[in-house]
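Hi everyone, thanks for making time this morning. Let me put the structure up on the screen, and then we can walk through it together.

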Amino acid sequence: MHEELYAAVQQTNALACLECGKCTSVCPVSRFSQEYSPRLMLNQAVKQDFDTLFADYDLWSCLTCQRCDQVCPSAISYIELTQTLRNNTDSSRFKGQCSHSGVLETLQKMMTTRDLRQNRLDWVGNELDISTDTGEILYFVGCAPYFDSFFTNLELSTLDAAISSIKILNHLGIKPVLLPQERCCGHDLYWNGDMDNFKMLAEHNLEMIAKTGCKTILFSCAECQSAFQNLYVENGFKVPWKLQHLSQFLAEQVESGKLELAPVAKPVTFQDPCRLGRHLSEYDAPRQVLKSNGGDNLVEMKQHGKGALCCGVSAWMNCDGTTRKIQNERLDQAYATGAETMAVACPKCHIHLQCTQQHAGDDGPKIEIRDIATITLERIG
Amino acid sequence: MPEPTPHTFDIFREEGQLSFPGKKEEYRFGPVEPSPCTNACPAGVNVKAYVSLMAAGKFGAALDVIRERNPLPGICGRVCTHPCEAACNRNVVDQPVAVRWLKRFAADYELAHPGEPPAKIETTRQEKVAVIGAGPSGLTAANDLVRRGFDVTVFEALPEAGGMLIAGIPAYRLPRKILSAEIDYLTNLGIKIETGTKIEGEKAIDELFKQGFEAIYLAIGAHKGKKLNIKGEGRYRGILDAVAFLNQVNFSASEKPGDKVIVIGGGNSAVDSARTALRLGSSEVHIVYRRTRQEMPADEEEIDEAEKEGVKIHYLAAPVEIVGKKGRVTGMTCQKMELGEPDESGRRRPVPIPDSEYLVEADCIIPAISQEPEIEFGLSDVKLSRWNTLVADEDTMATDRPGVFAGGDAVTGPSTVIDAIAHGHRAADSILHYLTGQPLENPVPPQMLPEAEIKIDLDQRSQIARAGMPAMEVQQRLGNFDEVEFGFDEATAIAEAQRCLRCGPCAECEECVSLCDKQPAMLTVDGHTGEYLCRVPDNLRSLVNSESSLTANLKIGKKKIDVILQSLQPRVAANICRGCGECVSVCDYGALELIASSGDLQISQLDPEKCRACGICVSACPNGAMLPGFIDDAWLNSKLDRMATGATNLVVFSCRWNGSSLHSDELAQIRTDKVNLNLIQTICGGRIEPGFVLKALAAGASGVLLTACDDESCHYGVGARRVRESFDEIRSLVHILGTDPQRIGFAAIPDGDSVKFIQTIADFAQSLNNNGGK
Ligand SMILES: Cc1cc2nc3c(=O)[nH]c(=O)nc-3n(C[C@H](O)[C@H](O)[C@H](O)COP(=O)(O)OP(=O)(O)OC[C@H]3O[C@@H](n4cnc5c(N)ncnc54)[C@H](O)[C@@H]3O)c2cc1C
Ligand code: SF4
Ligand code: SF4
Ligand code: SF4
Ligand code: SF4
């Protein structure tokens, strides 16, 4: 097993580490936890001290937000190394601390079953015009139906983003295809090192999509998009479709004049999802949408774009005190802008930041967190 | 070790030591010192517990506590000699708490507010047990054995059950409807009583064994009056033994025994005979007793009442000769006595005063001096003492013949109801041991524990008069057998119970489990698969709670076992907690609070003194920062790993209270019929978060049943509600997933209702099979 790991160390360029510590200096986790240092972890990997790494709670603390990789002068892919290490822990070893008693992880695994008969489109009412078999454009909903049913104590609905997206598409004369048996994209399982189940989910999804005859797939969830665009492809799956985040699609529509939007009424700030930003290098499209038709109301947080601070949790792992500090910092940055709304482009950012804001109690400052699709729908006449 | 029941709270009650490897000092514990009243009760009734419950108006719960050790509460509430009251600390302050009358109130309250009759207890064992004699001793043994699943038959010579309670004690003290209600209660539980069936004949005991009875309890009482051994005895008509007299009065219509009656003796049977004679119309009734009033064994109150009713008591007078004319009694010569040196019983021996004889005229003489057993069957190896009583070991009640046990008046000679009950318990314990092949060694009977050392300052207590017992006017009593004492009303009962000083440690009524300082830990015994919940003694608590797991050697008496003690209290993982406060908001005991940590972060902190280890906070914490003791995720996961394939796999999550008196046989029944039952019990059902239900399904469960106590009986405040919430949450998730929501079940079952618990599981398993559970 150690050879395989050592191969990963080589492949991720880890041997070229200069021990400059740039990674640790930008890492949001390191910023709030004395314990955590990507530089030291790399160092242990290079020394092949894998047993120490496997026993380390912090192997699951990395958010795979890619801040470190971005600044590394030796172009090391720390997050890929992390993923390989996680993938190689056997069940007897320390696993990351699953939040919510593993409900979400278990649901993801249960979705690998082939003959599932999910009721995952119950939320689609008559006002929405969709197809469930064939069509040009497919809208990949993501796990919002499960989130909304589980996070009942959070004041949010992640399905609002889906409903708004479909309404916008309908407004543009598009009848999107939705998969009644859509599965989790497998993003979280991949980053937790559960490759087998990740692959099964990918297969199910790709097989179903192929039958729809679609040309384009739209996503509201940045993680789903990054799974298709990066992870599926890197793992040898064929993904022969145009993949777009809804914000990218909307930007195109605005650009071409097909979609006309009223200006954003109240000051708004934008939370760059790490998957859409650093993983897929898209920083402009959502901003273009928010700014279209008089964009004076977009105000940026101290850390934004490439340097944005992420929402603090990845793959429902190791949500802890450090996480809370990252999130508190992110919310403080948002409050500091004076914006009334924080636009998000990923349901996970939405959930995690809303959770933290709610737990801070009623007294502190508040910002309304909303998906970019919901904000956009309001701007249509 | 006790059987692995969930209520193994009591391991540390007895005296013993715990030592830890690597630690020099030994921790001594026990015995738990009972309050003086509880200590004094021969039957081991937890007096303080039920008096406390009554003080809170919880009469039903109080009656449950009484019934645990005394199957005849309404009877003992009237006639018990109440050694508890003699021991009561209130004696020092003013007067004892009226414990007996409180017991009577609890029993009468149930009669006045009848609920469902008790459910019949199913026979779960093959062995049949015969009890000879349906007096208090026989009934107690039968009751204990039926509750343990044995098939018990009681044989009674008289036409009605009750022993001396019906044959001796008159109805004005013990109304027959009370007696029959208590006997009905016992027969409803499943005790079979064959009245009018005398066991007689030389080979009677062998016959019973031949009929398939594997153990026999001889509780035949002492009904044969002893001779006076004085001149004139046997020469005249008009001499009638007390027991025979009362027996006649109780079973057949009767007339007065004579116009002028002399009763000889100082016990209850003497006083009862005298008062009965008065009620039947005798114009003059004397009691002749050798010693003074202080020595009289009959109840104080009884003597008072007898005197009020007009009985003339001759203290310090001994019968010398019965005189008569024409074959009929005309009177008795008595001699005056004085008290001399104490005899072996500690009472001062009466010595005759020379030339003090005097004559009392009478046409009827009732000797009530003592009785001995009337044995009408061959003793076959059972020995007789020189007082003609049966010989049995005083701890185990075993006779010399294996399988034959004896107790009650038959062994002690005339004694008391509560002693007879105590013997019944010991005999039942021994029969259980005998039939299950364990050595016949009984735990130390409760009254043999050392005198309780009471740590209350009696001088500080203010005096509160004991409640008096309302009773019928003396004039109205003659000519009828109506009950003389009326009993307390509710307000009096509560006020009287509140006089209790609550001596000693906690009342141990188990009611307060949710409030008092019981902090259970889990005890696993080396080499046993079972896990035992135990209550940690005070001096060990902080040690146990400070470590997640302690290996120790436990010594109780001669037994030495290696054990692992694990605290059930959770601990906050300070590096994980994100201070969301979810745990704080669910803890009903205020055991958690948020305290400042590093930066702007707060984290949760647990107060081990307040925490009761329900584990609800563990399930509420979204992040796994509450690390539970013992019942941790790994433990739960390991239970789920035991999922078999093939059969209908049923996972039942329940708390330890729900169905706590489970019979493994009944669970086994559900297990067989194509159902693989995986019962996972946590302290409180609220410990189970939705994730585990999903994991059970993912692991291959055909169905998952969540049970909780109902809201009223939940031991942990919000526990029951949390289980219901988890259930709702999981149902909606499972619906989206397309799994049949019927595969998840929820049931609220009153604490301890194991019948309903088993039924619910069986029904759920059935519905899964109907749905074609895989
Ligand atoms: C008049 C009187 C008043 C009393 N008052 C009090 C009191 O106020 N408080 C108190 O605590 N105690 C009192 N006692 C004492 C108390 O009643 C006895 O101590 C108690 O009943 C003994 O219980 P037991 O089960 O040992 O025997 P018993 O109650 O005597 O029962 C024995 C039973 O065995 C049956 N039996 C005997 N031989 C056979 C056979 N061969 N086959 C089948 N059945 C058989 C008998 O018929 C009887 O029913 C009183 C006793 C008397 C006589
Ligand atoms: S990926 Fe993000 S969280 Fe992980 S080490 Fe790099 S900077 Fe830190
Ligand atoms: S931030 Fe809140 S929602 Fe997100 S993982 Fe942590 S506890 Fe769960
Ligand atoms: S919720 Fe229960 S386990 Fe948690 S701190 Fe409170 S009493 Fe203890
Ligand atoms: S619920 Fe968990 S994370 Fe939240 S405060 Fe309590 S222990 Fe900390």
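Let's begin with the surface: chain A exposes about 14,500 Å², and carbon and sulfur atoms supply 47% of it. Those accessible areas come from the Shrake-Rupley method with a 1.4 Å probe, and for residues only the protein chains shown count as cover.

A word on conventions. This is a predicted model, where local features need pLDDT of at least 70 and side-chain atom pairs count only at pLDDT 80 or more, while totals for chains, interfaces and linings use all residues. Residues are numbered from 1 along each chain as its sequence is written, chains are lettered from A and ligands numbered from 1 in the order in which they are written, and side-chain values use heavy atoms, with hydrogens and water left out.

Back to chain A, which has 19 helices and six strands; these are DSSP runs numbered from the N terminus, H or I of at least four residues for helices and E of at least two for strands. Of its 381 residues, 65% are buried, meaning under 20% relative accessible area, with exposed being over 50% and partly exposed in between (1.4 Å probe, protein chains only).

On to salt bridges, where a side-chain nitrogen of Lys or Arg lies within 4 Å of a carboxyl oxygen of Asp or Glu. The whole structure has 50 of them over all chains. In chain A, Glu207(A) pairs with Arg114(A) at 3.3 Å, N to O. That pair links distant parts of the chain, 93 residues apart: Glu207(A) sits in helix α12 (residues 195-212), and Arg114(A) in the loop between α8 (103-110) and β1 (137-140). Glu207(A) is partly exposed at 36% relative accessible area, and Arg114(A) is exposed at 51%.

Over in chain B, Arg67(B) and Glu110(B) form a salt bridge with their closest N and O atoms 2.7 Å apart. Arg67(B) is in helix α3 (residues 59-69) and Glu110(B) in helix α7 (residues 99-112). Here Arg67(B) is buried at 10%, whereas Glu110(B) is partly exposed at 32%.

Finally, Arg499(B) and Glu496(B) meet in a salt bridge at 2.7 Å, and both are buried.
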